[in-house]
Each structure stands twice: as C-alpha cells, then as structure tokens.
Amino acid sequence: MTALAVQLAPLGVLLPLGVAFLLLALAHWLPPRTADVTALIFSLILVGLCGWLASRALHGPIVHWFGAWSPAVSGKPRVVLGIGFSVDPASAAVAAFCALIFAASFVFAWGYFDKVHAHFHILMLLFLAAMIGFCFTRDLFNLFVWFELMSMAAFALTAYPLEKSSLEGAFNFTVTNALGSYLMLAGVALLYARTGTLDFVTMGRIIAHGAPDPVIAGGFCLIAAALLTKAAIVPFHMWLSDAHAVAPSPVSVIFSGVMVGLGLFGLLKLIAIVFAADAQIMALVHIGLLWLGIATAIVGGLMAWAQRHLKRLLAFSTISHLGIMLLAVAAVNSTGVKGFLLYFVGHGLVKGTLFMVAGILLARFNSIDELELYGKGKGVWPAGIVMGLAGLLLGGLPWGILHEATDHVHKAGHGMAPVIAIVVGTSLTGAAVLRAALRIFPGWSGVPGIEFVSPTEREREQQDRPLWLMLLPCVVLLAIALLPPGLVESFTHDAATGLISKTAEPSGGGTIMTAIAFALTILIPAASLLRQRATRRWARVAARIETLPFRALHRLHSGRVTDYIVWMMVGLAVMASVLRLR
Amino acid sequence: MSWLIGAALVMSALSGWLVVISRDPKRQVFALCANSLVLALLFFILQAPDVAFSEIAVDTVVVPLLFLIALAAIAINEGRR
Amino acid sequence: MSVLAWCVVAWLLGIGVYGMVTSRNYVHLIGCLSVCQSATYVLLLGIGFRWGAGPPIFYDHPPGTPAVDPVVQAFVLTDIVVSAAMTALLLAIALQVHKKRGTLDTQHLRPLRPTE
Amino acid sequence: MTTRWRLIVLVPVLLVLGTAATEIILTLPSFGHPLTRYGMTVNTLAPALRNVSNAVTSVMYDFRGIDTLGEESMLICAVTAAVMLLRGRRGEDGNEQAGRVSGRAWAERSDAMVLMCRLFATMLFLFGVYVVLHGTVTPGGGFQGGVIAASSFTLLYLGGGYMVWRRMLHSPVLVALEGVGGLAYVLCAAVPLAFGYSALQNVLPLGNWKDLYSGGLMVIINIAVGIAVIGSFAALLLEFMEETRVPKGPVAEEDT
C-alpha cells in the first residue's frame, strides 16, 4: 500500500495540471459546461486522493523522488540531486482541504463564468495544482515555483471582472506579491549560498550543525517576508483588503478560505523542518512573529468593524484571523500546530461560507454595501440564517472546529498580550459580521458609526443563477464546520506531532477568555444597533473620539500601491531590528 | 578577467539606476533595453551563456516590445478620449 | 572585488524599491519592479560563479574541467521567464486600468474609491 | 501619503536594511569561491549520468524537471491571464481599423521591405527551431528557442502588415499549441508512473554524446517546452498587438 501511495503522490500536482492543459488545448472547441463538470469532478478526485494520502502518511511520511534522484544517487552525504515530494499527514490534509474548498467554489460558480473559453476553470486548476505542490514539496526552490504559480493564478483571477476596482486591486496585489516573491528568491539564494543544498531536511541538518550566521538569518527574513505578504500579516497586509474585496466571490472564497492560510502553513513547515535548531531565528519567531501576530489580530479586527462594503469587511476579518493563526505558528509547539491546523480548516470553512453569502447578495441585489442592502435580505432568509450562524462561529460560539482551534491556540501558551489580541480579533470580526447580517436580513438599524465613511462601490455579478445551487455549498461547508471536533482529534494529534514533537507546558486554557470573546461578539453589535443620533454635546465629542483611531487606520489603508511597498519595507526592517536587538 | 567582471557589475548598477530615473515611460523602455543588454553581457562574462541567451531573447526583445505596444495602445486611448 | 557583486545586488534592490515608491506612473513602476528582479539574477549567478572556471557546457572542453554552478543558472532561466510573464500580465492590467480610468497616476488610482 | 511622506518613512527604513545587508554581505562566501556542493556535484556527475554536454539543460529538464514544469505552467498561466484580460469584451476577433496617434506621419511600405521581412522572419523562425533542437548539446533550449521563434512572427507584422499577420496567426491554434506542449510535459512526467517508475524518470535510451538525440526523455521535454513557449509568446504578442487596433466607426462608449 505504501508503494502505491508513493507512486500516487505526484498525481496531486500532475492531475490538475494535465486537466488544465487539456482544457486549454481544446478550449476553443469544447461544448459549454464541459469545463464546469470536468473541473468539479477532478477537484473531488483530488479531495479523495489527498485524503487517502493523509491516512496513509500516518505511518510515516510518503516520499517520492522525481526522476528517481533520491539522495543516495549522488554518492555524497548532504548532496541531494533531485526534488522530492514529502507527504506528511498535515500537508496531505491541508491539500485535501484546499481541493474541497475548490470543489465548493466550482459548484458555487456554476454558470458564473460563461463568457470566455473555460479560462476561469483553467486558471483555477493551475491554482489548485500550485497549492498541492506547495504543500507536498520538500525543496526550497520548488516551493518558490509553486508559490509563484499560485500568485500568478491569483493575480489573474482577481482582475477577472475587468471592473475599475478589480483591476486596481489586482495591480496592487500583483506588485506587492511580486516584490515579495523576488525577496523570497533572494532568500532562497542566500540559503543556497551558505548551505549548498535546497532539500528541507538536509538543509535543516546543516543549519543545526552550523554557528549562528547572518546569511541564514537574512535568508529566513526574506523568505518570511514573502510568506507573510501572502498571508497578509501587518504591515505586509495592505493588498489583501483591495484584492479580496474586488475579486469575484467564488475566487474570494478560495483566497480567504485557503490561499492566505497556506502562506502561514509554508512558514510553519519551514520553521519546523529547516530552522528549528537555529537559536537566533527561533528568537525572531518567538518575539517578532508573535508581536506581528498580535498587531495583525487587533488591526484586522478594528478595520473589519469599520467597513460597510461587505466583502471588504470579510477581507479584514480574514486578516485578523490570520494574525491569530500566526500566534499559533509562533508558539512552535505541537499544541500550536494542532491549533493552527484546526484553525486553518475551521476558519476556511466559515470564511468560505461568508464569501458565498456575500456572492448571493451580490447576485440578487446588485450591491454589496451593508447600508444600501438594509432590510433587503428578507426574501433570501436562509442565507441570513447561514450568515448569522457563521458570524457567531467567527466570534467564538462554543461549538465546532473553530472553537476547538481557538482553545488550542490559547493553550499553546505565551502570556497575556496574545490572549487579549485573540479576544479582540474574534469578538470584533464576529460582531462586524453579525451587525451586517442583522442590518441586511431582519432590517435592524441604529445610526451608522465609523462604517458610514468607509470606501464602497457598486458592483455587479452574473445574476440568473438558481438560489439553491448557490446556497448548497454554503450549507455543506457550514455543516462541516459544525461537526464535533472530537472526530479528527487523534488525526490532528498525530499530524501535529509529525511536524513538531515538542509539546506546550500545560496552562490554564482559554475557556474564560472564549466566553468573554463570545459575550463581546453579542454585546458590541447590540450596542451598535441601538445607537441613537448623537445630539447632546458630550455625546458628539464621545462619538468623535470613538471614531478617531478608525479614521487614522482608514488613512493608513490608503489604497495606493506605492504606500504598500513602503509598509512592506517597514515590516522587513522590523524583522531585521528584532534580530539585531535580541 | 577580474576588471572585466567589475566593469560589467558597475555598468549594470548604473543602467539599473538609469531605468529608475527615466520617469517618462517612453524613455524608460530604452533604458530597460540597455539594462538588459548590459546584464546579458555580465552573464556572458560570468560563464552563463544559456542565461545570457535567454536574457537577450526575452528581456531585450520581447519585453521592451510589449512595453512599446502597451505605450502605443495607451497613446491611442488618450487620443480617443 | 569580492564584495562588489553583493553591493551591486543590494544597490539594485534598493534602487528598484526607491523607484517604485516614488513612481507616479504604473508603467514606470513595472519597469522599476524589473530592476528589483534583475538584482536576484546577479545574486544567483554571483553565488554560483567560480574564478577560472568555464561554462557548465562541456562541448568544447571535456567533462571534468572546472565549471561554474549550473543549478543557479537553471534558476535564473526560470526567473527570466517568470519575470517576462509577470511583466506581460502587469502591462495588460495597466492597459485595462487606463481604458477604464483614463489615468495611470499611482497617486490617484485607489480601488473602491472614486477617482479624485 | 504623498511622495515626500513616503520618502521620510523609507529613508530610515532603508538605512536599517542597509546595515543588515552590510552584515550579510560581509559574511557571504566571497565572490568566486562558491560553497555550493550541489552544483559542483551536478557538474561532475551529469555528463556521465545523462550523456548530455549541457549541464544546465540536464538540471532543467532532468534533475529538477518538476521545477521546469511549474515554470512552464506559470508562463501558460500568465499568458492565459493576459489574453483573458486584454480580450475583455472584444472577444476572439480583431478590430477593423488601425489605431492612430494623432499627428504622427504614416509611410507606405516598399516591396523590398516586405520581401526582406518575410525572408528574415523565416530565417529567424528556423534559427529558433535550431536553438530548441540543440538544447541538450549547446547553450539554448526550449525556452530560448521558443522565444526566438515566436518573435519572428513580429517581422511578419512589420513586413506584411496587419492583415497578413491575422491571416497567418490564429489565436485558437496558438492556444492549442500551448496546451499541447504543457500536456506533453505532464505526460512525460506521468507515463513512467504507470509503469512503476518515478515521475519524470528517464527510461528512454540516453543516445550519443554531443548528438541531437542525447539525454533520452530530456529531448522530448525540450521539444514540448519549445512548442508551448512558441504558442504562448505568439499568443501574447498577438493579443498585445490587437490593443493597437480600434473598432470602426464612432468612439465606443466606455463606462467610466
């Protein structure tokens, strides 16, 4: 059986690539709907394949050497001639989850993209292949190649609607991420210059035996900068709110559901396999990445609360939750990994659902603006229930995968500041989604606060799609998110310890904190929806003071790509200084 | 040999600077061309004929051509507005 | 001499970033991005270079003669194609932006906000 | 932020990064004395293992073949994207009329010019094919040769003008070339799997040293890449050129 698994591992990449190229070759002559059906079938096949590989890999990682260039061929120690795919349970599970979200997105996008010859499906399949390759590979340059392919497909899909904002959003996305990937390439080059190898495991061994070295630290910083750019961590995060807000909804599902989280997963794998033995880099991870995560969780939460454009709101909530995931990564212990894996899945499911609801609203009412949609959602109340439930889950409803994940992140343990950041992030994002849901569906109101002045625009999406077809994938994803997490307990445990064996010191856990976060999730929108117009003098002053930090944040998120590049450099300098000051 | 490499490196640094300070895109295209020619030369000197070959084919011919076409299309759009 | 190559790499990266940050035109910005990219070419080839070695192509000289690192050259080849593809994509986006907005000024182009 | 503010933030940041870079520069292996064991091993082993004289090609298409598959996918992805973006609502057909920049002179082409362009286009195309085919022996290969061959088409445009160009290049065919090239590469990777070998494992006879057929599977992959690159760059040029055309009649209303 293991031999079969080794033989099938490369198919995770070859299958979607082959299908994409076949569709491309025949694009001009294909009957309509063929691409839809093919893409859906093959993404489901990949769910099965990767899931099966995950179960096989529990007995030990499945390693496939391309071209049979296993390390033994070179006849020298520490020289690996070829590229290997190394499938551990965590990677395979993440890959399977990516394929699942793609399948859901294909169902949701049914009939969305009629106009052009299967271009959407070709790009999506290339995207999926890149993600699976990114999860499986054990070669640093190969990781860069899949990372870059992933970016390229993402850039194109963002610009797909060819509207003003989507083009500018795609431009910002492309420039920032392209710069990030050049930094990553420079980092790969530095590591190769020092270690003379690209294989993760061999490189990890060489680094473990070497002395602290600025070249290796610099290489790590550059690679981390690229992965953090993809994962939208403050201050590399600016592009995300532009890109996710303007991409077509089925694409936003992929972006927020899996793509950004994959950046962190790649970082986690690199830290665990390659850099775990380097003391200065681990210090950077424990201090620098931890504080970046805290900042991200809080900034994302505040910005999410201050939005009226629903997809932009969801984009900022994604940023906030990525900050929480980064906290799990920065803990570098098996509890943290467990928390990260569960969070990746739980958040992906919930956020995928929410973007689909946003897509339904967009398709039905030609608008995505919370204030414009006020009370219009009554006709599609099932979507309202889904959205409300998803908002509660996001805000820490004590049930389901996401709650279990948050609990693990708390347990991974690292003091008070991260705990507060988690509470602020979850409660504000959950509250923002609930506020929007309550305004749009039952039509509750309250004077709009800071969200009134946030950027927005009219949008359009393909309309004549049946409601049930769009609701089906939402409901399925939400149902999976509500499954009791005990089902995958032993699997996640094995998968996490497969990456990092060190466990966290037992700590109190976050039951009280999750309760507080959930209470805030309910209370904040309630307070906001009961708000009256500020007439008294002191009330007006208070309202102005309340909006001040939000206005400052709005100004920082200016939408100009030139500013974004400055902030990326600031982030890089912060990492360099943390390394220096340690 | 050593001075040749040094000269090529300095030239590539200068031509990169030239690309950046040519604020007018029409001039910048030519700076880009010059930059990639210098780079191709550097690659030849660094014993990388394969790379120099593709640098010449891609970055001195095709990419500037794409830039020029894009600029032409932009100029035509301007005229039609 | 031994640090000149690395200094050029840092210079190209820095100057590219400076150019992008001060750019007022999308097309100019794309050009600056490719300067950043060229820094990675020089870095990679510099890493693989070896004094007194020939090219890793054993046509004129027999296998076994000292040659520079072929792996980094393969990387740079990949890189060049990637950058060309990226440039084409960015130019296509810039063209469409100009069609829709009528300007390419980085200061005025902000998604989801009306043109100033 | 305005440019001034950006620079105020950027300058200290670049100073910090500059000091970090200095530290890295001073500790990097000195220029010309690489520590890259991997590349050196490839140089000593590749000629014997693969019977090809171009070690770079053997790295690209054999040792690190899956990288190159990813790279080719990236190229195809970007070209598909650019084609999709540029076409927009225009569709597959071209516009009728050449766009003009006002105030620019326009000259008729002479017959000699047309003839020379056609001759040179043919020669350049053949040269591209030559470079592709000799990829395993001398500098060059699928990527370089493919780009050269694709750029020969622009000479057709220069000589014959738009109508000739449109008649000779059909975008569905070019896109199909891309797809077929990519598919051939994927099959090269997948077919050995079916027979119990590793993906991309070179099971064909290795051929003769310095021969056009040397390196086994590499030769096929090289040609597949060449086909895909010709298709993609030609498609790219075609769609970009189309941008300089305008629809006939009054100015179309763009929704601004």
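A salt bridge is taken here as a side-chain nitrogen of Lys or Arg within 4 Å of a carboxyl oxygen of Asp or Glu. In this predicted model, the side chains of C:Lys99 and D:Glu243 meet that criterion, with N and O 3.0 Å apart. The interface of chain D and chain C has one salt bridge. Polar contacts there number twelve residue pairs, both partners being at pLDDT 80 or more.

On the chain D side, the elements that each give two or more residues to the contact with chain C are H1, H2, H3, H4, helix H6 (142–168) and helix H8 (217–242). H4(D) provides the largest share, nine residues. By residue class, this side of chain D holds 30 nonpolar, 13 polar and nine charged residues. In total, 52 residues of chain D touch 47 residues of chain C. About 4,400 Å² is buried between the two chains, and carbon and sulfur atoms account for 74% of it.

Five pairs of chains are in contact, and chains A and D share the most contacts among them. Chain A and chain B, in contrast, do not touch. Their nearest C-alpha atoms lie 14 Å apart.

The contact of chain D with chain A involves 65 residues from chain D and 69 residues from chain A. The buried area is about 6,000 Å², with 73% from carbon and sulfur atoms. Within chain D, the most area is lost to chain A by D:Tyr38, D:Ile66 and D:Met84, which together give 11% of what that side buries.

Three salt bridges cross the interface of chain D and chain A. One of the bridges across this interface pairs A:Asp139 with D:Arg64, whose closest N and O atoms are 2.6 Å apart. Polar contacts between the two chains amount to 15 residue pairs, both at pLDDT 80 or more. The elements of chain D giving two or more residues to this side are helix H1 (3–27), helix H2 (37–50), helix H3 (55–63), helix H4 (65–87) and helix H7 (171–194). H4(D) gives the most, with 16 residues. The side of chain D that touches chain A comprises 38 nonpolar, 15 polar and twelve charged residues.

Within chain A, A:Arg308 sits in the loop between helix H12 (279–305) and helix H13 (310–330). A:Arg308 has a relative accessible area of 13%, so it counts as buried, the cut-off being under 20%. The side chains of A:Arg308 and A:Asp369 are joined by a polar contact of 2.9 Å. Beyond its neighbours within four places in sequence, A:Arg308 contacts residues including A:Ile368, A:Glu370, A:Leu371, A:Glu451, A:Phe452 and A:Pro455.

Definitions and conventions:
Residues are numbered from 1 along each chain as its sequence is written. Chains are lettered from A and ligands numbered from 1 in the order in which they are written. This is a predicted model: local features need pLDDT of at least 70, side-chain atom pairs count only at pLDDT 80 or more; totals for chains, interfaces and linings use all residues. Side-chain values use heavy atoms; hydrogens and water are left out. Contact means heavy atoms within 4.5 Å. Buried area is the accessible area (1.4 Å probe) that two parts lose on being put together, summed over both. A polar contact is a pair of N or O atoms within 3.5 Å; within protein, one must be able to donate a hydrogen and the other to accept it, and residues adjacent in sequence count only if both atoms are side-chain atoms. Helices (H or I, at least four residues) and strands (E, at least two) are DSSP runs, numbered from the N terminus. Ala, Val, Leu, Ile, Met, Phe, Trp, Tyr, Cys and Pro count as nonpolar, Asp, Glu, Lys and Arg as charged, and the others, Gly among them, as polar. Buried means under 20% relative accessible area, exposed over 50%, partly exposed in between (1.4 Å probe, protein chains only).
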